[in-house]
Amino acid sequence: MEDMSGVQKAAILLITLGPEKSATIFKHLKEDEIEELTLEIANTRSISPQVKEEVLEEFYQVCLAQQYIAEGGIGYARELLEKALGNEQAQSVISKLTASLQVRPFEFVRKTEASQVFNFIQDEHPQTIALILSYLAPNQSAMILGALPPEKQADVAKRIATMDRTSPDVIREVENVLEKKLASLVNQDFAIIGGVDAVVEILNAVDRATEKHIMETMEIDEPELADEIRKKMFVFEDILLLDDRAIQRVLRDVDNNDLAIALKGSNEEVQTAIFNNLSKRLAAMIKEDMEFMGPVRMKDVEESQQKIVGIIRKLEDSGEIVISRGGGDEIIV
């Protein structure tokens with residue numbers, strides 16, 4: 001079967017698959033390809049069951065390799081095929097597939113974030129970086145090139161521009177090294193540390209002066225991040241951290257409609273704390289409003305709750321109320 005051409009094998013495959021499946025395949029081919037295959041099928045006489053089986057097996061192996069490449073790149077495909085078929089046959093399948101599909105070098109890198117690729121190649125020789133960037137998608141290469149030190153950018157760009165031909169062995173060697181580096185990244189188990197929630201927990205525990213200094217500095221340097229942190233630092237349910245006198249002071253500045261909507265999405269404990277600090281008449285009125293308004297969108301509930309949280313923050317900043325955060329600033333002397 002080794003002396004058969006690709007067209008001959010394709011014709012045998014189509015004959016083996018039968019007219020219905022072959023017709024479906026023809027729909028995806030170009031006119032000249034259909035003509036060539038039709039002529040080859042017409043000229044094909046008897047085919048032994050053994051040849052049919054070998055062609056089907058080769059087709060299956062190539063499909064399998066293509067699937068492995070799509071999942072994890074050439075190296076991943078080669079590794080799995082070597083386990084299944086042995087080194088020699090695996091290399092043969094990969095070679096056929098690479099030739100037929102024109103799989104470009106560094107194909108596996110195209111699925112990796114540019115920032116991760118940059119971390120692994122930034123200290124490489126400019127010629128190596130230029131080689132890798134030549135094969136990546138333009139947007140990936142642009143991000144990596146832009147992240148390089150200014151003195152290195154021009155050198156790499158020049159090397160890309162003047163690059164002509166590179167030995168396949170050199171490309172394969174650079175590919176293998178980079179693939180191993182990226183594989184070590186994929187196989188690492190990352191522990192989730194830090195993040196907005198972590199800093200919120202810390203700021204909620206520090207004394208008020210430290211928290212205020214950090215937030216004021218962050219509002220200047222990173223206003224969006226500061227806003228995200230501030231939103232999480234005191235949620236509506238944290239109203240339970242206030243004593244009765246503080247809750248009463250807050251409720252004086254809260255619009256009754258906002259309060260009714262906010263309480264629609266809160267738990268029973270929060271509702272009880274609020275109603276216990278309202279007059280019986282006002283509490284009854286708020287409860288009646290909550291029943292009358294029916295279902296409320298969560299977005300509206302969150303907006304009303306955020307308004308009340310804003311009032312609490314404002315009153316805390318002015319010193320009119322104290323929030324017991326457990327960092328020592330709740331002690332009154």
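A salt bridge is taken here as a side-chain nitrogen of Lys or Arg within 4 Å of a carboxyl oxygen of Asp or Glu, and by that criterion aspartate 258 pairs with lysine 307, with the closest N and O atoms 3.6 Å apart. The structure is a predicted model, in which local features need pLDDT of at least 70 and side-chain atom pairs count only at pLDDT 80 or more, while totals for chains, interfaces and linings use all residues. Residues are numbered from 1 along each chain as its sequence is written, and side-chain values use heavy atoms, with hydrogens and water left out.

**Overall architecture**

- The chain has 18 helices and zero strands, these being DSSP runs (H or I of at least four residues for helices, E of at least two for strands) numbered from the N terminus.
- Buried residues make up 33% of the 333 residues in the chain, where buried means under 20% relative accessible area, exposed over 50%, and partly exposed in between (1.4 Å probe, protein chains only).
- Among contacts (heavy atoms within 4.5 Å) between residues at least 6 apart in sequence, 71% join residues at least 24 apart.

- Isoleucine 312, leaving aside its neighbours within four places in sequence, is in contact with Phe234, Ile239, Leu242, Val250, Ile321 and Ile323.
- In helix H6 (residues 114-121), the residues Ala114, Val117, Phe118 and Ile121 are buried. They cover an arc of only 105 degrees around the axis, which puts them on the same side of H6, the arc being that of the directions from the helix axis to the C-beta atoms.

**Salt bridges**

- A search of the whole structure finds five salt bridges.
- Aspartate 155 forms one of them with arginine 159, the closest N and O atoms being 3.0 Å apart, and both residues lie in helix H9 (residues 150-162), four residues apart, or about one turn of the helix.
- Both partners of that pair count as partly exposed, aspartate 155 at 22% relative accessibility and arginine 159 at 23%.
- Glutamate 320 forms a salt bridge with arginine 249, with closest N and O atoms 2.8 Å apart; because glutamate 320 lies in the segment after H18 and arginine 249 in helix H14, the pair ties together parts that are 71 residues apart in sequence.
- Within this pair, glutamate 320 is partly exposed at 45% relative accessibility, whereas arginine 249 is buried at 14%.
- Aspartate 258 lies in helix H15 and lysine 307 in helix H18, so their pairing ties together parts that are 49 residues apart in sequence.
- Salt bridges that share partners join Arg249, Asp253 and Glu320 into one network.

**A buried arginine without a salt bridge**

- Arginine 313, which is placed in helix H18, is buried yet has no salt bridge, and the nearest side chain of opposite charge, that of aspartate 227, is 6.4 Å away (Lys and Arg count as positive and Asp and Glu as negative, while His and the chain ends are not counted).
- Not counting residues up to four places away in sequence, arginine 313 touches Arg230, Lys231, Phe234 and Gln306.
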